[in-house]
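Hi everyone, and thanks for coming.

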Amino acid sequence: MSGRDEHEGGAEAVDARPSGLAAALLRIGGSLDLETVLNEVVESARALSGARFGAITTIDETNAPQDFVTSGFTEEEHRNMAQWSDGPKLFECIRDLEGPLRIPDLPAHARSLGFSADLLLGKAFLGTPMRHRGVHVGNFYLAEKEGGAAFTDADEEVLVLFAAQAAAAIAHARAYRDERRARADLEALVETSPVGVAVFDAGSGAVLSYNREAQRIVEGLRDPGQAPEDLLQVLTSRHADGREFALGEFPMAALLSNAETVRAEEIELSVADGRSVRVLVDATPIRTEDGTVASMVVALQDLAPLEEMERMRAAFLGMVSHELRAPLAAIKGSAATVLGRSRVYGAAEMEQFFRIIEEQADRMADLVGDLLDAGRIEAGTLSVAPERSDVADLADRARNTFLSGGGRHRLVVDLPPDLPQVMADRERVLQVLNNLLGNAARHSPASSSIRVEAVHEGTHVAVAVVDEGRGIAPERLAQLFRKYAPEDDGGRGIGGGLGLAICKGLIEAHGGRIRAESGGPGQGARFTFTLPAAGEAGAGPGAAARSRAAAHRDDREGPRILTVDDDPEMLRLVRDALSDAGYVALATGDPGELGHLLATEKPALVLLDLMLPGTDGIELMRQVPGLADLPVLFISGYGRDETVARALEAGAEDYIVKPFSPTELVARVRAALRRRADPEPFILGAPPSTSAARRGRGVRAALPRRPAPDPLIWATSPSTTTAGG
């Protein structure tokens with residue numbers, strides 16, 4: 001080709017470039033898909049510049065590589081470049097370009113920077129950053145111009161132009177993506193909102209959209225097969241100020257024409273057959289840029305739950321006032337009777353009146369305490385102080401409280417011997433147990449049993465209170481722990497709802513959970529709560545084992561003394577006296593456990609009540625193996641000579657008559673243990689200074705006498721002391 005021909009060919013190429021550029025820009029503007037736009041940009045720039053290879057790398061908002069679009073590469077070349085280990089490092093070196101960059105020999109340049117150049121294709125390189133409104137969104141590269149020539153200024157202009165197109169496409173795609181995400185989030189928020197939302201067209205009054213809650217609110221007004229939108233033709237709207245509109249006769253478009261903002265207006269929506277729903281309405285107009293109202297957003301809040309809550313609050317206040325009024329009436333009546341002095345009352349009668357006053361005052365104090373606890377739980381200010389505790393000890397203390405409070409049910413405590421200790425605020429957990437036991441007693445016949453069980457479940461110990469009462473309907477189980485739970489026909493609800501709500505708050509404050517289970521009406525109920533198990537130190541199997549009947553045991557290594565008495569108050573007082581004296585105090589109120597405790601706890605001495613449920617202490621002396629080999633001290637309210645003599649003849653070491661002082665109790669226990677530890681040998685013909693004589697002194701000491709001046713240990717009541725064992 002002659003020089004003239006070459007010049008004419010170059011001029012034709014230059015003349016063809018603007019038309020090709022215009023055609024390429026039209027193709028790029030014809031698509032909204034980002035991938036399509038980027039591919040078209042790379043192809044067009046490569047074709048117009050004569051480059052063999054083209055690539056676009058995009059970066060996200062954190063400047064990390066995002067997309068890698070290539071043109072002119074085979075699939076293998078594209079894959080190798082995408083997986084090139086030095087690619088990200090080289091990308092970082094040329095990522096922050098301020099303007100176009102031309103490199104005549106890219107492999108040599110890469111090696112000068114310390115990178116391998118094995119995968120680089122071509123020598124000539126042309127690159128430029130892609131920016132949209134000052135934001136860097138990626139880089140555009142061309143490589144290996146046809147014929148091995150270098151890239152020209154015209155090529156650079158083409159690259160910069162297409163880079164601007166690509167940057168605008170990337171920015172628009174990201175804005176569209178963010179808008180779609182925000183719209184999706186807003187739609188999800190509106191759809192799941194507990195408030196009904198409906199959007200009306202201001203011009204036609206038609207419903208443009210509504211959420212699930214709005215559909216639920218009007219669901220009860222629809223006829224079968226009727227669309228929610230068709231309700232507008234049959235609804236009547238009654239306002240609090242007396243206005244009433246039949247929406248079928250007075251179109252929504254007319255109602256919306258005023259475009260008034262409505263705030264918390266109560267409206268009743270009804271249909272012709274009398275069905276209605278009361279809603280709280282908020283309405284806001286949506287205006288265009290010129291101020292024209294385009295639509296109205298109406299928020300609907302169903303007032304039925306709020307009205308039900310107010311009803312339950314009123315019922316709760318009524319229950320509290322009734323509960324407070326009953327003990328107040330008893331206190332006032334007893335006090336008025338005593339103060340009125342219309343007749344002369346004896347000491348026992350006066351004491352009974354005062355006991356009524358004390359019991360009712362305690363009942364009021366408990367109710368006030370429950371109300372305060374409920375308030376703390378609701379305010380999130382309830383605190384607990386957990387410490388290592390034995391479940392057996394907590395269960396036995398709750399059992400004693402239940403029995404001393406007049407509980408008539410048979411209470412069975414069934415705990416495994418290897419149960420670990422728990423982290424619990426003892427008084428708070430006792431409050432939970434007492435509430436659950438009282439709840440079980442209220443809803444069970446007196447002839448049935450109540451069980452306290454526990455099991456080790458992983459990192460927690462699950463404690464259950466099981467009754468054989470009237471049971472609970474399955475649909476009511478989820479409502480039992482609500483403070484304002486309505487009462488059902490069976491009586492479970494508000495009467496125990498406050499106590500159960502407090503139980504839930506107390507257990508959750510420990511990090512546990514509480515649940516209720518029942519097979520249905522007449523099949524009893526099971527309330528289970530969990531407490532965190534204590535750490536491994538000292539809490540392994542056997543380390544925390546306690547007898548089911550052990551009410552208390554000190555860490556001191558003193559002799560073990562077992563007390564058998566059905567009076568919880570007496571058990572507590574004897575336990576405290578023995579513990580203060582350095583003994584390990586064991587206690588039980590169930591005579592059936594005596595044999596088991598003798599075998600497992602091996603006490604050094606037994607304090608035995610004369611009168612026990614279903615049996616008596618003398619009969620136990622004859623029937624329980626091992627009891628005759630231990631020193632047994634009878635404690636009883638019976639002080640007649642023949643009763644004392646019968647007990648001593650049965651083999652008792654001593655006999656103590658109630659009431660007695662802690663000093664006397666400890667002294668008699670010590671004397672019995674001392675005699676057993678150092679018995680006096682029997683000598684034929686010796687004077688009566690032997691152990692028999694000592695036992696005789698015990699007989700004389702047991703006869704009725706004036707009480708010692710020390711603080712006295714009493715049974716639950718004087719009537720119990722004189723009438724029972």
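Let me begin with a question: does aspartate 302 count as buried or exposed, and at what relative accessibility? Aspartate 302 counts as buried, because its relative accessibility is 13%, and buried means under 20% relative accessible area, exposed over 50%, and partly exposed in between, with a 1.4 Å probe and protein chains only.

Before I go on, a word on the model. It is a predicted one, where local features need pLDDT of at least 70 and side-chain atom pairs count only at pLDDT 80 or more, while totals for chains, interfaces and linings use all residues. Residues are numbered from 1 along each chain as its sequence is written, and side-chain values use heavy atoms, leaving out hydrogens and water.

Back to aspartate 302. Its side chain forms a salt bridge with arginine 216, with the closest N and O atoms 3.2 Å apart; a salt bridge here is a side-chain nitrogen of Lys or Arg within 4 Å of a carboxyl oxygen of Asp or Glu. Aspartate 302 sits in strand β12 and arginine 216 in helix α7, 86 residues apart. Helices (H or I, at least four residues) and strands (E, at least two) are DSSP runs, numbered from the N terminus. Arginine 216 counts as partly exposed, at 42% relative accessibility.

The structure holds 32 salt bridges. Another one joins glutamate 387 and arginine 426, whose closest N and O atoms are 3.9 Å apart. Glutamate 387 lies in strand β13 and arginine 426 in helix α12, so this pair ties together parts that are 39 residues apart in sequence. There is also arginine 676 with glutamate 653, at 3.8 Å from N to O. Here arginine 676 is partly exposed, with a relative accessible area of 37%, whereas glutamate 653 counts as buried at 11%. And Asp414, Arg451, Glu453 and Arg526 are linked in a network of salt bridges.

Leaving aside residues up to four places away in sequence, arginine 399 touches Leu411, Val413, Gly589 and Asp590; touching means heavy atoms within 4.5 Å.

Let's turn to strand β20, residues 560-564. Four of its five residues are buried. Which strands pair with β20? Five bridges join β20 to β21, and the two run parallel; four bridges join β20 to β22, again parallel. Strands pair if DSSP finds at least two bridges between them. Valine 564 stands opposite threonine 588 in β21, and isoleucine 561 stands opposite leucine 605 in β22.

Last topic: rings. A search of the whole structure finds four aromatic pairs. Rings of Phe, Tyr and Trp (its six-membered ring) pair if their centres lie within 6.5 Å; planes under 30 degrees apart count as stacked, over 60 as edge-to-face and the rest as tilted. One of the pairs is phenylalanine 53 with phenylalanine 73: the centres are 5.0 Å apart and the planes at 50°, so the pair is tilted. Phenylalanine 53 is buried, with a relative accessible area of 4%.
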